[in-house]
Structures are given as C-alpha cells and as structure tokens.
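Work through these exercises with the chain in view. Try each task before you read its solution.

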Amino acid sequence: MTPASATPTLEELRERVESGEIHTVLLGFVDMQGRLQGKRCSGRYFVHEVADHGAGACDYLLSVDVEMNPQAGYDIAGWDKGHGDFTLNPDLSTLRVLAWREGTAVCFADAAWSDGTPVVQSPRQVLQRQLDRLAERGWTSNAATELEFIAHQETYEQAWNAGYVNLTPINRYNVDYSLFGLTQADPLITDICRALEDSGLFVETAKGEANYGQHEINLKYDEAMASADAHVLFKHAVKEIALRHDVSATFMAKWDNREGNSCHVHMSLQDQDGNAVFEQQPELFDHFVAGQLACLNEFTLFFAPNINSYKRFASRSFAPTAIAWGHDNRSCALRVLGKGPATRIENRVGGGDVNPYLVLAATIAAGLHGIDNQLALPPAEEHDAYSADHERIPLTLADAITSLRGSTTAREAFGDDVIEHYLHAAEIELAEFNSAITDWERKRGYERL
C-alpha cells in the first residue's frame, strides 16, 4: 500500500468499502489523557451515515479519570446533568487506512453540543483555538513531537499480573544511538516503522535511547494539528503492534530510576506565503522564545499532567529542571536549533505522557504572549543550566496546579472554561494519589516504623 492510498477521500473510502476492501472505520476522539477513544463503525455505516451526521458519544469522555471513572465537579458533564451525549463529527481530512489492522481505517472527530457549538474543553478544540489566534495574524504553525517509549518482553496481561515489577526490557543495556541495539529490538521496531509508513505517516528516524528497552521513533515535521493527530495515532499503533508481538510498551514519563520517556516539542511559524517567520523576522523569534520562558512555570501542567510526570525532572538526566534557553544546549528547558528557514524552538519539558494538543496549544499561547508584549529575550545559557541560577520548573503536580490557577496569561489565552476544566482534572489526579498507599510506603514502614 502506498502512502497516497493510505489517505483516501470520502469518495475513495466509499468505493473501497463497497468493494469489501475496507470493512471497519474507527471514529476516534482524543480524551483529556491524550488517548484515542471512540467507536468502531462498520465501513458501510460510516460512509452512509456517520460521515455526514456524526455519531453520539457520552460526554463523560471529558470528565473521567485515567481509570475511566466518572468524576464530579465538572461544568460540562456529570450525574447532576444526566451524562448525556455530545456528537463526534468526523474530520474527513484525517481519514487514514491503517496498515497494521486488516480492512480498517481511522478518522479523527471533534466533539460538538446538540446546537452545533464546539466542546471547547476537548483537546483538539483547545489547540484549534490557538491556531485560530495564529491565523488572525496570518500565520500557521509547524511542529513535531519526539516520543520515547520503553518496551518489555512481557505482554500487557503478564505485566499486570506481575504488578508491573521485575519486567524484562527488550534491551538489557543502554543502546542510545546503537544500531545493533535497534537490531536486537527487531522485529518490533521495524514493524512499527513499516506500519506507520504504510499508513501514510512519514517516519524520519528510529533510534535506541539510554534506558533499558527504550526507543524513539520520529515522524516528519508537519502542520501542528496534523502532528498532534499523528502523535496520538503513533502511541496507539505502538501499543497495538506491541500487543501483536506479545510484548508491551509504556510511555510513562518516568518508568524507573533511570532516564524517563520524553516528548520534545519542536515548533516554528510560517506566513501565508509559506515563508519561515522566524527567518524573516528574527526579532519575533526572540519574543517567541521569551514568551516560552515567561509562561513555562504557569503552563507546566500542560507539559507535565500527571503525578509521575514530575519524577523526570532530575539534575543531569537530560530532562530539564531550569527555566532557561540556550543554543543547542540540552541542559536547558528550551533549546534553539536550526538556521535560516529551519530555525525553531525545542521545548524539552514534556514527557511521554503528554496530551500533544495541549502541549502545542501551550507553546503557541506562550509564544504569542511574548510576541504581543514584545518581551525581551535574556542571554542564552552557554553552560550547565542544571547548576546555574535560574527559575526552576515546578517540582510537583500541586505546585503546577497553583501556578496555573493564578495565571492571567493562561486564562486570557485559553479561557476560564478550559483552565478550570483541566485544573479540576489535575486536582482529581492529585487527590487520588494522596489517598493511595504505595509499595514504597509499605516496604519502608511495615516493620521498621
């Protein structure tokens, strides 16, 4: 299958459904945790009904925790409101035939209320709002998200039954940049790359990483919404393909005491003629980077949404702790890369557990804050940012909640409805953790306290 045939128009999909080549279409909705949820539609039902009218889904998809437990206190959904439906309207530009699933296509959807208004708290809409702000200025955004994951030889069921302890990584030592290490991880890595390519996604590179069994696969730089969609589909593909190989994969930000799973975010801006804004107007790039610095503390929750996210932030771990920028300096939270039209910012704060729409939206919002207020860019950090005197990234989820709650910049950029929604989600996550008894506590205190 060629990449072109992997991204059909609706009419082409209809023909392939009628011929029997495609029998299933996954209608995908991205939830707060960045997961691909939704419905499995018969191909015929999708092309004759769903493509034009959408499909209903319970609004609790935006009010559940990671365990899919409905939570109280949200403005848009709850038992007090009856947990009704919103409509999942397919974005037909995202139609894609999945090479790793026989006869199956996927289509991303946007949630709308019964009156047709968008559900602004849904992740795709959060990003769309920031893209609309760029469009008002005649700009678009290109982005890439570099995702890492760790694969173990146990299946998901075996890992569950083992309590997720003493799992066996597919590589037993550091294989960072090791071509032999990639070979050791075959056929999993090869099958993932081929499946993505055959599904119309552009895979640039695959490489081993420093933690045991850790790998990174990079997709081509693309328009921001398309990159966020590709990010979600990539994670979904890795997990499904791992399942078929009788192994498992985790995108947890911090799996163990070694290196965590990162998600480095690259971004640049283009004007209506396709010119690189940062090359044409370098002063705007300075303001854009200054905006990232100014907002990063307040926006950290979007880059580190879970309790576990904050375990990554350790000195000299290649995960940042200092809110600083530098030219090609991996000790900084913000790394400036490229020359000419390739000039871009890399934000190194996010882990493998991020919601890509929220991360890209936060990056755009911070950059526009810097541009609109013409913020001055401080000197670059040329040495070790870990040991230098810089403001620090919030070290806990509680700290990040406090920073976001008090952010007028975030409320102006995203709206109170969005900020309150995601603050509430974070507060639920924090409360759940604070009520849990960990293995660490039992081991430390059972006999000796």
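**Exercise 1. Find how many residue pairs are in polar contact across the interface of domain 1 and domain 2, then describe the domain 1 side.**

Solution. 
- Step 1. Start with the count. In this predicted model, 11 residue pairs make polar contact across the interface of domain 1 and domain 2, both partners being at pLDDT 80 or more.
- Step 2. Ask which strands take part on the domain 1 side. β5 (96-97) and β6 (104-112) each give at least two residues to the side that touches domain 2.
- Step 3. Sort that side by class. It holds 13 nonpolar, 5 polar and 3 charged residues.

**Exercise 2. State where the two domains lie in the chain and how much area they bury between them.**

Solution. 
- Step 1. Read the bounds. The domain assignment puts domain 1 at 10-119 and domain 2 at 130-440.
- Step 2. Take the centres over C-alpha atoms. They are 25 Å apart.
- Step 3. Count the residues in contact. Domain 1 brings 21 and domain 2 brings 20.
- Step 4. Turn to area. The size of an interface is often expressed as the accessible area lost when the parts come together. Here the two domains bury about 2,000 Å² between them. Carbon and sulfur atoms carry 62% of that area.

**Exercise 3. Locate a cis peptide bond and a positive phi in a residue other than glycine.**

Solution. 
- Step 1. Most peptide bonds are trans, and most residues other than glycine have a negative phi.
- Step 2. Find the cis bond. It joins D186 and P187, with omega about 5°. P187 lies in the loop between α5 (179-184) and α6 (188-198).
- Step 3. Find the positive phi. H83 has phi near 45°. H83 is in the loop between β3 (55-58) and β4 (85-90).

**Exercise 4. Describe the helix and strand content of the two spans annotated in UniProt.**

Solution. 
- Step 1. Take the span listed as "domain: GS beta-grasp" in the unreviewed UniProt entry, residues 20-116. Residues 20-116 are 11% helix and 36% strand, with end C-alpha atoms 33 Å apart.
- Step 2. Take "domain: GS catalytic", which the unreviewed UniProt entry places at residues 123-449. Residues 123-449 are 44% helix and 16% strand, with end C-alpha atoms 45 Å apart.

Notes. Residues numbered from 1 in each chain as written. Predicted model: local features only at pLDDT ≥ 70, side-chain atom pairs only at ≥ 80, totals over all residues. Heavy atoms only, no water. Domains from an automatic or database assignment. Contact = heavy atoms within 4.5 Å. Buried area = accessible area lost by both parts, 1.4 Å probe. Polar contact = N/O pair within 3.5 Å; in protein donor to acceptor, adjacent residues only side chain to side chain. Helix = DSSP H or I, 4+ residues; strand = E, 2+ residues; numbered from the N terminus. Nonpolar A, V, L, I, M, F, W, Y, C, P; charged D, E, K, R; others polar. UniProt positions renumbered as here; feature names shortened; annotations may be inferred.
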